[in-house]
Amino acid sequence: MKKVLFVATVESHIIHFHVEHLKLFKDKGYEVHVAAKGLAKIEYCDKHFNIAFERNPLKLNNMKAYKQLKKIINENNYEIIHCHTPVGGVLTRLAARETRKKGTKIFYTAHGFHFYKGAPLINWLIYYPIENWLSRYTDCLITINKEDYGIAKKNFKKCPQIELVNGVGVSKNKFTFDISNQEKMQLRKELNIKEDDFVIIYTAELSKRKNQSMAIKVLKQILDNGYSDVKVLLPGIDSMNGRYQALSKKLNVEKNIRFLGYRKDIPKLLNISDIAISTSKQEGLAVNIMEAMILGLPCIVTNCRGNRDLIEDQKDGYICEIDDVNDMTQKILNIKENKSKLNIFGAYARKEIQPYLLDNIIPKLKRLYYNE
């Protein structure tokens, strides 16, 4: 039986983004293996290796992870290995150098290079040479945004195949369910949101990169302009140890903001929202914005890689410069005060999301994996 190995630093990456990709191989008769940190059950996975990966590349545990991975690769005679995440991508391609000479095909998806327009110089000095060098040990490098694709095509001359794929694919089925007005009102009530409140949602891990401090400052300006009916939903794991909650109290906006933590009901939260925003400093390709677009929410996003790939300014939303609080505030209020734009922008968003849907990503992956 043919075997395929998927690798990521943490199992949650595979569970959240690649289960349908595992299914591709199961349906094709492959034995499917996953190597990642953790031992949660993963659908369509026949064998799950718990690897001692650390996200910090300087951690000594990654040397142990490299040895574990090399042993697994050398013993299993994989036809295809597909690696994801920066550390997973580096260690896998190093560990697979010998088996690649025997015919194993190595795929690497860059979910957003650490070097990008506006990135700190240190990122370019460290990460660019590593990715450039490792591209020679990659049979197919998949990029998910135009900026990364341009950099790779221009500079990674040793890589035989470089592709642009519109992300991992978002599932429309996840959002095609009926939710009554009564259910919407009940959910709003549970969140202490009034029926006629204007709701802004930003689904993302609370982090420096996602830059929720900008969203909190925007809310402050909105409230200072007299719009007390605006509420902001911030579902996402807190990696900032309460610093954003402290900022919201300092700015006296905590009554209008909901820190929701990890949620499994994001589609329902989007259904009770009026617009979606992203204040991120950089993205690979913003899944949170794609999900909002499926439901026809106008989106106001920062002008960063992975956001501007999705949103066309004044068509399905607005683009603002990073940390331009004044501009984002005005654009939110522009939509709030011109309700017709909710429908106009929303209809365009539903149209523009089509190339990013899972149904349109799967055929491209089939072609790349086995020329189907």
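Is Leu285 buried or exposed? At 9% relative accessibility, Leu285 counts as buried; buried means under 20% relative accessible area, exposed over 50%, and partly exposed in between (1.4 Å probe, protein chains only). This is a predicted model: local features need pLDDT of at least 70, side-chain atom pairs count only at pLDDT 80 or more, and totals for chains, interfaces and linings use all residues. Residues are numbered from 1 along each chain as its sequence is written, and side-chain values use heavy atoms, leaving out hydrogens and water.

**Overall build**
- The chain has 15 helices and 13 strands. Helices (H or I, at least four residues) and strands (E, at least two) are DSSP runs, numbered from the N terminus.
- The radius of gyration is 22 Å, close to the 21 Å that the globule rule gives for 372 residues, so the chain is as compact as a globular protein of that length. The radius is taken over C-alpha atoms, and the rule is 2.2 Å times the number of residues to the power 0.38.
- Along its principal axes, the C-alpha trace spans about 65 × 45 × 35 Å.
- Buried residues make up 55% of the 372 residues.

**Around Leu285**
- Leu285 sits in the loop between β11 (275-278) and α12 (287-294).
- Beyond four places in sequence, Leu285 touches residues including Ile144, Met290, Leu310 and Tyr356. Contact means heavy atoms within 4.5 Å.
- Leu285 and Val168 are 117 residues apart in sequence, yet 9.1 Å apart in space, C-alpha to C-alpha.

**The nonpolar core**
- The largest nonpolar core has 33 residues, and those with the most contacts inside it are Leu233, Leu269 and Leu310. Such a core is a set of buried Ala, Val, Leu, Ile, Met, Phe, Trp, Tyr and Cys residues joined through side-chain atoms within 4.5 Å.
- β8 (198-201), α11, α12 and β12 (299-302) each give two or more residues to this core. Its largest share, 5 residues, comes from α12.
- Leu233 is in contact with Leu269, Ile272 and Val199, among others, leaving aside neighbours within four places in sequence.

**Helix α4**
- In helix α4 (residues 86-95), 8 of the 10 residues are buried, so the helix is largely enclosed by the rest of the structure.
- Its cover includes β1 (3-10), α3 (61-76), β4 (80-83), α5 (97-101), β5 (105-110) and α6.

**Salt bridges**
- The whole structure holds 23 salt bridges. Each is a side-chain nitrogen of Lys or Arg within 4 Å of a carboxyl oxygen of Asp or Glu.
- Arg93 pairs with Glu131, the closest N and O atoms being 3.0 Å apart. This pair links distant parts of the chain, helix α4 and helix α6, 38 residues apart.
- Arg93 is buried, with a relative accessible area of 1%. Glu131 is buried too, at 8%.
- Lys2 forms a salt bridge with Glu79, with closest N and O atoms 3.8 Å apart. Lys2 lies in the segment before β1 and Glu79 in the loop between α3 and β4, so the pair ties together parts 77 residues apart in sequence.
- Glu163, Lys364 and Arg367 are linked in a network of salt bridges.

**Surface**
- The chain exposes about 17,500 Å², and carbon and sulfur atoms supply 49% of it. Accessible areas come from the Shrake-Rupley method with a 1.4 Å probe; for residues, only the protein chains shown count as cover.
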